[in-house]
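Subject: Handover of a structure and findings

Dear colleague,

Please find below the structure that I am handing over to you.

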Amino acid sequence: MKRRSLIKAFALSATVVSMGFAWSAQAADTIKVGIMHSLSGTMAISETPLKDVALMTIDEINAKGGVLGKKLEPVVVDPASNWPLFAEKARQLLTQDKAAVVFGCWTSVSRKSVLPVFEELNGLLFYPVQYEGEEMSPNVFYTGAAPNQQAIPAVEYLMSEDGGSAKRFFLLGTDYVYPRTTNKILRAFLHSKGVADKDIEEVYTPFGYSDYQTIVSNIKKFAAGGKTAVVSTINGDSNVPFYKELANQGIKATDIPVVAFSVGEEELRGIDTKPLVGQLAAWNYFESIDNPTNAKFVADYRAYAKAHNLPNAATVVTNDPMEATYVGIHMWAQAVEKAGTTDPDKVRAAMAGQTFKAPDGFTLTMDQTNHHLHKPVMIGEVEENGQFSVVWQTDKPVRAQPWSPYIAGNDKKPDYPVNTAQ
């Protein structure tokens, strides 16, 4: 009898505690939002501005009443360019901080580090950076570009008359999954266009690498064999010494064009861009785009930087991953309002088909099935002031292909309905 009484008492106590947690969650004054970016280490140059624009966006939403009548409360963590630490911080955000959603990561190795955590705990990650594709998860929304929204159009442009009619390609990247997989796709694409392996060179350097003298010399030697273009998938602060070495060795865009997939306005800040005029970057947004939505976005960020005393506030810039962060946060907020809850399964379903008028000048749509944004593709030339002049762009947003048709076997991996409510 005593044992049965204890069991009943324990069950009643557990029920009361469970009800208490449920009431507490419903009665919370705020909705916690995780922001997970490297604020130190080799990737800080690229990721710190994403943290800043995320905080600005949260302020903007809160100023209009928040979400579901509650203010958003940012929880910022710094995985410090340490890939295993990303997984640890992701688990902390979801289990300890009780974040309803996380916006973060830059490198694909950091995203792949956290992916098992989000899938295990059924959390939602919004990933704002271009990447190599070959992935779809019900727990990730990819607001950056897939290869057919950046890498493939960029190389097609280099092969065109306007892009210099390149016949040879020097593929230079940081040594991790994004550059290697992207270049695997690009090599197969170039083969489909009749480019032989002897006309493709592939070189990788570690994160934080700074001595590009020999590599740039080798680029010049390779270019002696015919019209050559460099495709750069260098990430993080290594871009600074690479571009400085291009200038040191007198490489001009008219001689050897370089198209970058991870260099934007922020990475060019502080570099003497005069020797780099005409060099290229492929993105889905540039700060220089002239439309009212972008003018407001840029002005708001500059005002935010000044009000919050950000480093070098007078010269802050916006860039593509910042725009993708901004769009992603607004889309998530819209989906929560539509779902009437922050429950991941219901928000996931509500994200299908969400639209948002973006600073890039287009109304962007979250795909109904593959968790990727439909995005315009743009190619810009570096100007003396560190901005980009758009020299080519699509006339409408392009639907992402997460599984590249240039990878064998991907024709058997069609998009699948990851937005279905559980």
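The notes below proceed from the whole chain to single residues.

This is a predicted model, in which local features need pLDDT of at least 70 and side-chain atom pairs count only at pLDDT 80 or more, whereas totals for chains, interfaces and linings use all residues. Residues are numbered from 1 along each chain as its sequence is written, and side-chain values use heavy atoms, with hydrogens and water left out.

Overall fold

The protein chain contains 12 helices and 15 strands; these are DSSP runs numbered from the N terminus, with helices being H or I of at least four residues and strands E of at least two. Along the principal axes, the C-alpha atoms fill a box of roughly 90 × 50 × 40 Å.

Of the 422 residues, 56% count as buried. Buried means under 20% relative accessible area, exposed over 50%, and partly exposed in between, with a 1.4 Å probe and protein chains only. The accessible surface comes to about 17,500 Å², and 53% of it belongs to carbon and sulfur atoms; accessible areas come from the Shrake-Rupley method with a 1.4 Å probe, and for residues only the protein chains shown count as cover. Among contacts with a separation of 6 or more, 69% are accounted for by residues 24 or more positions apart, where contact means heavy atoms within 4.5 Å.

Nonpolar cores

In soluble globular proteins, nonpolar side chains tend to be buried together. A nonpolar core is here a set of buried Ala, Val, Leu, Ile, Met, Phe, Trp, Tyr and Cys residues joined through side-chain atoms within 4.5 Å. The largest one has 97 residues, and those with the most contacts inside it are Met36, Leu172, Ile219, Phe242, Tyr243 and Trp332. Helix 11 supplies the largest share of this core, 9 residues. A second, separate core has 25 residues, including Ala151, Leu171, Tyr178 and Leu186. Not counting residues up to four places away in sequence, Tyr243 touches Val258, Ala260, Val263, Ile271 and Leu276.

Helix 11

Helix 11 comprises residues 320-339, 20 residues in total, and reaches 28 Å from its first C-alpha to its last, close to the 28 Å expected at 1.5 Å a residue. The expected span is 1.5 Å times one less than the number of residues. Of its 20 residues, 16 are buried, which leaves helix 11 mostly covered. Asn319 caps its N-terminal end, with a side-chain oxygen 3.0 Å from the backbone nitrogen of Met322. After helix 11 comes Gly340, whose phi is positive, near 75°.

Gly328 lies in helix 11 and is buried, with a relative accessible area of 1%. Leaving aside neighbours within four places in sequence, Gly328 is in contact with Phe103, Phe126 and Thr143.

Buried polar residues in loops

Ser137 is in the loop between strand 4 (125-127) and strand 5 (140-142). The relative accessible area of Ser137 is 1%, so this residue counts as buried. Its side chain makes a polar contact of 2.8 Å with that of Glu119. A polar contact is a pair of N or O atoms within 3.5 Å; within protein, one must be able to donate a hydrogen and the other to accept it, and residues adjacent in sequence count only if both atoms are side-chain atoms.

Thr273 is located in the loop between helix 9 (265-268) and strand 10 (280-283), and it counts as buried at 3% relative accessibility. A polar atom of its side chain lies 2.5 Å from the backbone oxygen of Glu384, and a polar atom of the Thr273 side chain lies 3.5 Å from the backbone nitrogen of Gly386.

Ala80, although not a glycine, has a positive phi of about 60°. Ala80 sits in the loop between strand 2 (71-77) and helix 3 (83-96) and is partly exposed at 29% relative accessibility. Lys98, also not a glycine, has a positive phi of about 55°. Lys98 is in the loop between helix 3 and strand 3 (101-104) and is exposed, with a relative accessible area of 60%.

Yours sincerely
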